[in-house]
Amino acid sequence: MNVLITGANGFVGKALSRRLLDSGLGRRRVETLTLLDIHFDAAPIDARVRRCEGSIADAGLLERAFAQATDVIFHLASIPGGRAEQQFELGLEVNLGATIALLERARLQRVAPVFVFSSTIAVYGAPLPDSIDDATPMRPHLSYGAHKLAGEILVRDHSRRGFVDGRIVRLPGIVARPQGPSGLLSAFMSDIFWRLSAGERFICPVSPQAVAWWMSLGCCIDNLLTAATLAPALAAARRDYTLPVLRLTVAQLVEGLARVYGDDRRDLVSYEPDERLEAGFGRQPPLDASAAQRVGFRHDGSLEQLIHNATAQAAGRLE
């Protein structure tokens with residue numbers, strides 16, 4: 001099996017690469033893992049890895065990447081919400097243009113590959129309705145969400161025509177991302193884990209009553225692998241899934257972190273709500289993801305398990 005990952009040097013891409021090399025995909029061993037990203041932090045540690053360094057908007061990079069036929073593609077690369085708002089042309093080029101180019105490269109293969117497209121809950125826009133289910137209209141309010149929704153439509157159309165076997169998963173905020181600039185408007189959702197676990201003060205940009213959807217990195221990887229290994233008949237019957245999540249207030253998360261790391265953590269948090277940020281990431285309604293759950297997608301299970309899973313990578317493990 002030959003697998004290709006875009007955005008492979010990112011938070012999710014690195015973890016997915018490790019899991020595929022360690023455990024394979026389904027019952028099959030990964031023989032070649034082609035990794036695409038603008039740059040890589042370290043040299044590859046496995047002889048099965050092929051690295052293509054550069055922008056996925058570069059036709060030459062994609063030509064090198066597809067020199068060997070690919071069985072499964074995980075398309076994770078994107079310009080995230082905050083940065084896409086600031087750099088519109090770059091967001092359009094990477095989020096939409098490169099997605100089209102990637103689908104076209106896949107179309108030219110003799111055998112249609114499985115194409116796992118990481119979309120986003122940003123396709124629903126803001127303000128959100130009182131609840132979300134499979135029939136909820138998508139009205140993105142950011143360029144990032146608009147690009148991802150356009151990508152979803154293209155993946156479905158390429159699948160309809162038999163060019164790829166598409167599987168679309170809409171990801172929530174994935175925690176806990178490493179600290180530092182990320183271009184993500186939702187970065188605070190990860191920063192709160194690291195600051196409180198380290199006993200550091202944290203100024204929260206949303207109110208304690210803010211409600212968000214949460215998923216750990218390990219759970220995200222499980223769901224991406226579930227998408228890739230769905231039976232073809234199931235994938236053909238439904239191409240897109242909004243994933244199951246834990247829906248928690250910031251106050252509930254802080255309380256859970258205090259139970260794990262010490263009661264003093266509650267006093268380390270102060271609140272300076274940003275109305276625009278809270279509208280986008282702090283008013284997330286109940287979500288009916290029953291269709292996704294029926295085919296094997298899952299959430300972390302509990303607040304305690306979310307905290308355990310979200311901070312597991314700090315100790316060099318992923319659960």
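A crossing of two helices is left-handed if the near helix is turned anticlockwise from the far one by less than a right angle, and right-handed if clockwise. In this predicted model, H9 passes H12 in a right-handed crossing. Local features need pLDDT of at least 70, side-chain atom pairs count only at pLDDT 80 or more, and totals for chains, interfaces and linings use all residues. Residues are numbered from 1 along each chain as its sequence is written, and side-chain values use heavy atoms, without hydrogens and water.

Helix H9 spans residues 250–261 and helix H12 residues 303–310. Their axes (lines fitted to C-alpha atoms over the stretch in contact) come within 10 Å and cross at roughly 70°. The two helices are therefore roughly perpendicular (65 to 115 degrees). H9 contributes Gln252, Leu253, Gly256, Leu257, Arg259, Val260 and Tyr261 to the contact (heavy atoms within 4.5 Å). H12 contributes Leu303, Glu304 and Ile307. By class, the contact has 6 nonpolar, 2 polar and 2 charged residues.

The second largest pocket has a volume of about 440 Å³. A pocket is an open set of points on a 1 Å grid where a 1.4 Å probe fits, with protein on both sides within 12 Å along at least five of seven lines. Its lining (residues with an atom within 4 Å of a point) holds 18 residues. Ser17, Arg18, Leu35, Pro44 and Ile45 lie closest to the centre. Helix H1 (11–23) and strand S3 (49–53) each give two or more residues to this lining. H1 supplies the largest share, 5 residues. The lining divides into 9 nonpolar, 2 polar and 7 charged residues.

Technical notes. Axes are lines fitted to C-alpha atoms, for helices over the stretch in contact, and angles run from 0 to 180 degrees between N-to-C directions. Helices (H or I, at least four residues) and strands (E, at least two) are DSSP runs, numbered from the N terminus. Angles under 35 degrees count as roughly parallel, over 145 as roughly antiparallel, 65 to 115 as roughly perpendicular and the rest as oblique. Ala, Val, Leu, Ile, Met, Phe, Trp, Tyr, Cys and Pro count as nonpolar, Asp, Glu, Lys and Arg as charged, and the others, Gly among them, as polar. Grid points are joined across faces, edges and corners, and a volume is the space filled by probe spheres set on the points.
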